[in-house]
Structures are given as structure tokens and as C-alpha cells.
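Colleague: I would like to learn how to read a few local features and some helix packing. Could you take me through them on one example?

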2 protein chains.
Amino acid sequence: MKITMKEIAKLANVSQSTVSRVINGNKGVNEEAAQRVLEVIEKVGFIPNKAAQTLKRSKSHIIGVLLTETYNPYFVELIDKLESESRKRGYNILLHVSNRNPIVEWESVQNFIARQVDGMIIIPSGEYNIERISKLPIPSIVMTQNWKPIDSIGLDHILAGKMVAEKFVLSGHKTFGFVGTAPDEKFLGFSSGLQENGVEFADKNYIVLQETSTNNFLIRRDIDAYLEQAGGTVDFTCCFAANDIMALEFMRAIEDRGMKVPEDISIIGFDDTYLAKIMGISSVHQPIEEMVNTTLELLLDRVENEVTSEPVQIKLNPTLVERSSSNLKK
Amino acid sequence: MKITMKEIAKLANVSQSTVSRVINGNKGVNEEAAQRVLEVIEKVGFIPNKAAQTLKRSKSHIIGVLLTETYNPYFVELIDKLESESRKRGYNILLHVSNRNPIVEWESVQNFIARQVDGMIIIPSGEYNIERISKLPIPSIVMTQNWKPIDSIGLDHILAGKMVAEKFVLSGHKTFGFVGTAPDEKFLGFSSGLQENGVEFADKNYIVLQETSTNNFLIRRDIDAYLEQAGGTVDFTCCFAANDIMALEFMRAIEDRGMKVPEDISIIGFDDTYLAKIMGISSVHQPIEEMVNTTLELLLDRVENEVTSEPVQIKLNPTLVERSSSNLKK
DNA sequence: ATATTTTTTTAAAACGTTTACAAACCTTTC
DNA sequence: GAAAGGTTTGTAAACGTTTTAAAAAAATAT
């Protein structure tokens, strides 16, 4: 039923290995014979079986990409770029989404292995599986945050937090808010940045969001809950949000309650996704293009050159894109 | 280097075929031997090579998913659901993005074939490749719109357009706007819906957006251009947008110019993505869950049961979710 | 002419599985 | 105690490629 190199060989009156050579552009094939083979291939529409190639070559030209979630447009912009850049380089993308479930995460990694991926790009759900992933014989790289004993690439979140803190302080703000899930490097940077500038972050101004991957409406729910409990207002004049959706939802929530952005409250988000651009939200820029290119370069270098140097942690520098949601001094 | 069934066999003191039987849970293996095999597998962490399995079984358990673009959150919600549901059913996702380029689209399909996917789910860039895709020996299904000689599933866009038209008319509107790329079924339904209700759509109220997949900022640019040319205002009191982003961008654009939504203009978007939910935009709902489930059911039925009945076109019914961007009569 | 080198071709062994078939081993049963 | 039956096991072929090693053919030199 299915057409294979064997039939091509028969039709072109050569041996199978000759067909293979032609397909792979190997030297030492008579010009005329090669022509005949190509014609037959064209005529019958033969497409080589990559499962067989993978088996024989021990190379699949597949990259496993594991996302935590898709509700954040940032990850989507990332995967879009990843797909096109990988394809350009001759690799295809096998996609998994862990929904921040460490068990699913590990299963996905196992699946990648079973599928013989040449490399894996992982946005981890936490540190749960980092250790064992780093021990795998397959090149793997962690994106969007730096993790320790593994190749990783990400913005310098600490620095980003500090940068925002400094901006706020220099613009005259005295009280500060933060929207995010459990305290992370962004928050760490933010609060220590405040300290370095002689002010203190007040814990009650931390709007804690439940960690969630599937349902972004919890964000608004948690923000509303916070605002209700706080009496419909807020004890700070500027606010840093851990991503653009949070920034947007926070903005909508306080505007619904009559506060004005940026007059009453300045807001800065994170990721600089199209959401921030559309909505005019100031945001810490993620250089997606640079990130993807660097990631693929490193990963494919490991894949193709069997380099086994120490894992590296690549930190990218944050920049702030100012829009109408914040009123900052230059 | 790489560990195979052969070593497992040796270590467990059985033949390779026995190992295979154990792994696949086949009957006729001595309980004690099976136990031994499982222990060895566990101990050395053996994972069967799916490339070899694919080759032998002529079944990859991979589904090729081809998207046009990712800027529209609707497609993202779709792919997220597709990934999780496929995984639940034992299939993995190979992802391609065509960026509405018919050549890339066809290359992706060829790649799917080479990769031995069991089925393909395609959001097409147009009709360019539909014909030849429908002729492939691999089950394929087109999503989000109905296309003719191929399995397809999508909202009834005509009906959706009519529904919106009717809603607007019944709510007392007399002038109507539309935001979208080249006229499609949504617009067709919308304008014929108006006609059926005794009113006419004025061509000058069609805000034409350049077809684009990579850069959503063109949307705002085109809307601004239209508004400038129209003197900063608009000749209609209600507007239907072909997707939620367009609705959102249009809303922002007219609000920036001092018009009020919904007091001056009612807006209804399309897809009912989280964007619409967050921003309070009325929108025609896409039943993503139902769509994905129906798609997979049909596709996997074709894959697993070799059913070769005629292609079907499945039409889903639109419903309208009303939010604060429109002021409609019940 | 033949010997030598070079080019082109083929046959066959892998890659890691699954599976049809046959062999070996137990039980029963008469 | 042998025939019949059922389990369990192993051998080997196959899936569709790539690639090595060797054979064949062609080209060149002597």
C-alpha cells in the first residue's frame, strides 16, 4: 500500500541504496541515474518515512517543547517564535502543556525521550523535576528563568524588580503594591530595590493570587477579594504586577472602583506582551526574539556538536517600556 | 550506549520477545518472569523507542496540528484544549504554524506525512490546499470553518452573522458597522440578516483590515486610518467585529476619540475568548470544548476504525454572550 | 593488450521494535 | 505411559531507512 524506497528503486532501475543516496544528496551517483530516480520520486510523490530515518540515524529532528500554560500570551508568543525558528533550522516541535503539574511534567519528559527528541525546551512548573532533567542524556534547556544545575535562559528577574522599584521611587512614590502569586525573584528584586532606595515594602500591599494555570478568571476573583477586604480602595500609589494579564486585570478592577490610572495609581506589568501594547500598559520587556534565538543556538549546539561543557545560566537584561499606565519621571 | 529491549532481556534472563510481551501487557507470559522483567525495566529506567514502534506498527500516535497564527487567543485556547484532550487519548501533538502562507501550509502537511502522523487537524489559510489535503490517505479534519470536500467542523458563521444583525435591529439600531478582513461568511450572514430585517448595510461602514497573521498592530493602524479618513467619528451606532481582538482594538480606538461604549456605539465581537471576558466585550461564543471533543472523536474514529464514509461538515450553533460593550434589548 | 585506479553500484547488515511460528514444557486424560 | 491439550518461551522475519564493505563497471595508465 504505502510506497517505499524499494518501489522507487524498482521503477528507476537502480538499487535501493542508490535511491537513498540520491535523496540524501550523497556523492558518487551517476548524474543520469540520479535524474531518473528524482523523476520517479516526483511522479509517484514519494515521501521518505521519518520514523525509519529516526531509527536508523538516531536523530529525530524533533524538539520537545514543554509549556506550563497558555493563558499567558507571553508563552504563546514564545512558542510561535520557537516553532518558526526551529522549522527554519530543520526541526519540528512536539508540544506538551504541563498545567504546572509536576507529575504531568515528568511524564511529558518521558514521552519526549520515548519519541527520541533531539533536545528539549522546558518552561518548568517549579524545581520539582529540574534535578533529574539535568541528568538526562538529552540536551535540555530551561526557559524564562534561571535554574541551577541546568542550561537555562531568562531575564534577570531580580534586576527587573529592582529597576521597577527604582523607577517608582525616583518618580516620587512612597507606597507600593505588588500583584502576583507566591513571592518570586521579581518580588525579591522589587522589595530589595525599595530597601536600597530607603523605603520599605508593606506586606499588606501584596495582592496574593492563587497559583493557577487553567483558569485566568481566578486572577480577577482574587483581586476583587483583596479590594473588598481592603474597603474598595488601596493603600499605595503604584503597583508592580508579575505579568501583563495581572496588570490588566488589576487596572480594570481599580478603574471599576473609580480610581484612575495613572493619576491615582501607576501600574507596571511584566512581559511586554501584545496585551500591554494594546492596552497601553507599561511593562518590563522580554526580548522574545533574542531569547528564542539564543536558546536554539545553545540547544542545537549541544545537539549537533555533542558539547558537554558545564551548564550555563544566561541572564538577559530587562528594559522598561513606558506607556500610559504609569506616570514616571525620566 | 542507549539501552534497548535486548539488554533488558539479557538482564532478566528471557528473550526479547518476552520483554516485548510484558511491556505490551500481552497474555501468555509467566507471572514470575513478567515480574522479573518489570523489575529490570524499573531498575535501569528503560523507555521503549517510539520511532521503532511507529515503524513496526505503522502507527505513530501523533496528530499533526496546523495553525494559521497565534495572535488570536481563540486559536490558542483551541490548541491548549487539543493538546490536553489528545494526550488523554494517547496521542501527541506535532505543531506547525503556517502564518497563512499556502506554501508553508503544504510543506507542513508533507512534513506530517513524512512523520507518519495518524491524523491531521488543520486550520486552513484558505481554500488553496483543501482539495489535495482531502485526497490524502491520512484522516484530516479542518477546523473553525466548513470546507467542502473534506471533514470539517465550525460554527455556522452565516447564522452567527444573522443572529448579531437581528439582535442589533431588534434593539433599535438603524446604522451598522463591521470590522474585519475581506468579506467572509460572518459578514455575509450579517448583511443578509440586516436585509431580512428590512435594513441595508452601507458599504462605507465596512472597516477593512489588511489580512495579517504576524502583526496584530496592523489592526489598530488600519482602524485608526479609517477613523481619520472618516473625520474622527463614525456613521453607525453598533458594530460587529470578526474577532475579539478587532472588537477590542476598535473599542479602544473610538474610546480614545471620546465616544462611549455602549452608550454611543454597541460592539459585539467574535470567539468569546478570555479577552472578551476580561474586557467585558459581548461576543459570539465558540464552544471550544465541544468543538475539540467532536473533532477528536471524528478524527480518531477515522484513524482507528478505518471508516471511509463520505466527508462530513459539522456546523455548531452560535450563541451570543452579552456583556457591557453592547446595550441590547432582550 | 593488461594492469591500475577511479567511479558507480549493489548486497547486506544494522537501527529497536512487534509478531507469526515453532519449540519446549506442563498438565490432563485415557 | 503415551496422546492430547494448553501454556510459556524463543527464533526469526519484518517495518523502511542508512551505510559499510565489497563487487562491478568504467576510465586511465602502462
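Colleague: Where is R100(A) found?

Modeller: This is a predicted model. R100(A) sits in the loop between β2 (92-97) and α6 (102-114) of chain A. Look at its backbone too. R100(A) is not a glycine, yet its phi is positive, about 60 degrees.

Colleague: Is R100(A) buried, exposed or partly exposed?

Modeller: Apply the cut-offs: buried is under 20% relative accessible area, exposed is over 50%, and partly exposed is in between. R100(A) has 26% relative accessibility, so it counts as partly exposed.

Colleague: Which phi does T144(A) have?

Modeller: A positive one, about 75 degrees, and T144(A) is not a glycine. T144(A) lies in the loop between β4 (140-143) and β5 (151-155) of chain A. Its relative accessibility is 10%, so T144(A) counts as buried.

Colleague: On to helices. How are two packed helices described?

Modeller: By the angle between their axes and the distance between the axes. Start with α8 (residues 157-170) and α9 (residues 185-196) of chain A. Their axes come within 6 Å and cross at roughly 40 degrees. That angle makes α8(A) oblique to α9(A). The crossing is right-handed.

Colleague: Which residues make the contact between α8(A) and α9(A)?

Modeller: From α8(A), they include I158(A), G161(A), V164(A), A165(A) and F168(A). From α9(A), L188(A), G189(A), F190(A), S192(A) and L194(A) are among them. By class, this contact has 8 nonpolar, 5 polar and 4 charged residues.

Colleague: At what angle do the axes of α10(A) and α11(A) cross?

Modeller: At roughly 45 degrees, and the axes come within 10 Å. α10(A) and α11(A) are therefore oblique to each other. Their crossing is right-handed.

Colleague: Which residues of α10(A) meet α11(A)?

Modeller: I219(A), R220(A), I223(A), D224(A) and L227(A). Their partners in α11(A) include I245(A), M246(A), E249(A), F250(A) and R252(A). The class count for the contact of α10(A) with α11(A) is 8 nonpolar, no polar and 5 charged residues.

Colleague: Next, peptide bonds. What is the bond from V261(A) to P262(A)?

Modeller: Read omega. Here omega is near 5 degrees, and the bond is cis. P262(A) is in the loop between α11 and β9 (266-271) of chain A. Turn to chain B. The bond from V261(B) to P262(B) is cis, with omega near 5 degrees. P262(B) is placed in the loop between α11 (244-256) and β9 (266-271) of chain B.

Colleague: Last, a serine. Where does S325(A) lie?

Modeller: In the segment after β12 (319-321) of chain A. At 1% relative accessibility, S325(A) counts as buried. Leave aside its neighbours within four places in sequence. S325(A) is then in contact with residues including M251(A), V261(A), P262(A), I265(A) and S282(A). P262(A), at the cis bond, is one of these contacts.

Colleague: What lies 2.8 Å from a polar atom of the side chain of S325(A)?

Modeller: The backbone nitrogen of S282(A).

Definitions and conventions
Residues numbered from 1 in each chain as written. Chains lettered and ligands numbered in written order. Predicted model: local features only at pLDDT ≥ 70, side-chain atom pairs only at ≥ 80, totals over all residues. Heavy atoms only, no water. Axes fitted to C-alpha atoms, helices over the stretch in contact; angles between N-to-C directions. Helix = DSSP H or I, 4+ residues; strand = E, 2+ residues; numbered from the N terminus. Parallel < 35°, antiparallel > 145°, perpendicular 65-115°, else oblique. Left-handed = near helix turned anticlockwise from the far one by under 90°. Contact = heavy atoms within 4.5 Å. Nonpolar A, V, L, I, M, F, W, Y, C, P; charged D, E, K, R; others polar. Buried < 20%, exposed > 50% of the residue type's maximum accessible area, 1.4 Å probe, protein only. Polar contact = N/O pair within 3.5 Å; in protein donor to acceptor, adjacent residues only side chain to side chain.
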